[in-house]
Amino acid sequence: MPAKLILTWDILPGHEQEYFEFVVREFIPGVQKLGFNLTDAWATVFGRQPQIMVGAVSENRQRLDDLLQTSEWAALQVKLAGLIENYQQKIVIAKDGFQF
């Protein structure tokens with residue numbers, strides 16, 4: 001059964017340009033290289049919700065857990081952490097449509 005990783009965060013004020021360069025040049029390619037299938041990318045423009053939400057699917061929960069234990073994932077997380085705040089992640093059973 002496919003598993004979905006849902007990530008949410010806010011971009012640190014004053015780091016927007018650096019954040020977007022990192023996401024385009026390193027984060028997205030790195031996540032795809034690890035074997036995640038990116039399915040969602042949302043930005044909140046109004047309201048008190050996380051500024052960014054990203055969804056990525058893997059073939060099953062075990063494969064997702066294995067990907068999250070790699071040094072490559074850890075390196076992406078370290079770089080991302082320097083540009084964001086209020087990071088949260090959760091794993092759910094992947095379903096069609098929007099999941100939060």
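This is a predicted model: local features need pLDDT of at least 70, side-chain atom pairs count only at pLDDT 80 or more; totals for chains, interfaces and linings use all residues.
**Entry 1**

Tyr-19 counts as buried, because its relative accessibility is 3% and the cut-off for buried is under 20%.

My search of the whole structure for aromatic pairs gave seven. In one of them, the ring centres of Trp-9 and Tyr-19 are 6.4 Å apart and the planes stand at 70 degrees, so I noted this pair as edge-to-face. The pair links distant parts of the chain, with Trp-9 in strand E1 (residues 3-11) and Tyr-19 in helix H1 (residues 16-34), 10 residues apart.

**Entry 2: Trp-9 and Tyr-87**

Next I looked up how Trp-9 pairs with Tyr-87. These two rings are stacked, at 6.3 Å centre to centre with 10 degrees between the planes. Here too, distant parts of the chain are linked: Trp-9 sits in E1 and Tyr-87 in strand E4 (residues 84-93), 78 residues apart. Tyr-87 counts as partly exposed, since its relative accessibility is 29%.

I also wrote down the aromatic cluster. Trp-9, Tyr-19 and Tyr-87 belong to one cluster together with Phe-20, Phe-22, Phe-27, Phe-36 and Trp-73.

**Entry 3: the sheet**

In what order do the four strands lie in the open sheet? I read the order as E2-E3-E1-E4, with antiparallel pairing. Strand E2 (37-43) and E4 are at the edges and each has a single partner strand, so one side of each has no neighbour in the sheet. From one strand to the next, the twist averages 15 degrees.

I then followed E1 to strand E3 (residues 52-58). The two run antiparallel and are joined by seven bridges. As an example to find on screen, I picked Leu-7, whose bridge partner in E3 is Val-54. Helix H3 packs on the sheet, where it touches E1 and E4, and the direction of H3 makes about 145 degrees with that of E4.

**Entry 4: Gln-77**

My last stop was a residue of that helix. Gln-77 lies in H3, which covers residues 71-81. Gln-77 is buried, because its relative accessible area is 17% and the cut-off is under 20%. Which residues does Gln-77 touch, leaving aside those up to four places away in sequence? I found Phe-27, Tyr-87 and Gln-89. Two of these names were already in my notebook, as Phe-27 and Tyr-87 are members of the aromatic cluster.

How values were computed:
Residues are numbered from 1 along each chain as its sequence is written. Side-chain values use heavy atoms; hydrogens and water are left out. Buried means under 20% relative accessible area, exposed over 50%, partly exposed in between (1.4 Å probe, protein chains only). Contact means heavy atoms within 4.5 Å. Rings of Phe, Tyr and Trp (its six-membered ring) pair if their centres lie within 6.5 Å; planes under 30 degrees apart count as stacked, over 60 as edge-to-face and the rest as tilted. Two strands pair if DSSP finds at least two bridges between them. Axes are lines fitted to C-alpha atoms, for helices over the stretch in contact, and angles run from 0 to 180 degrees between N-to-C directions.
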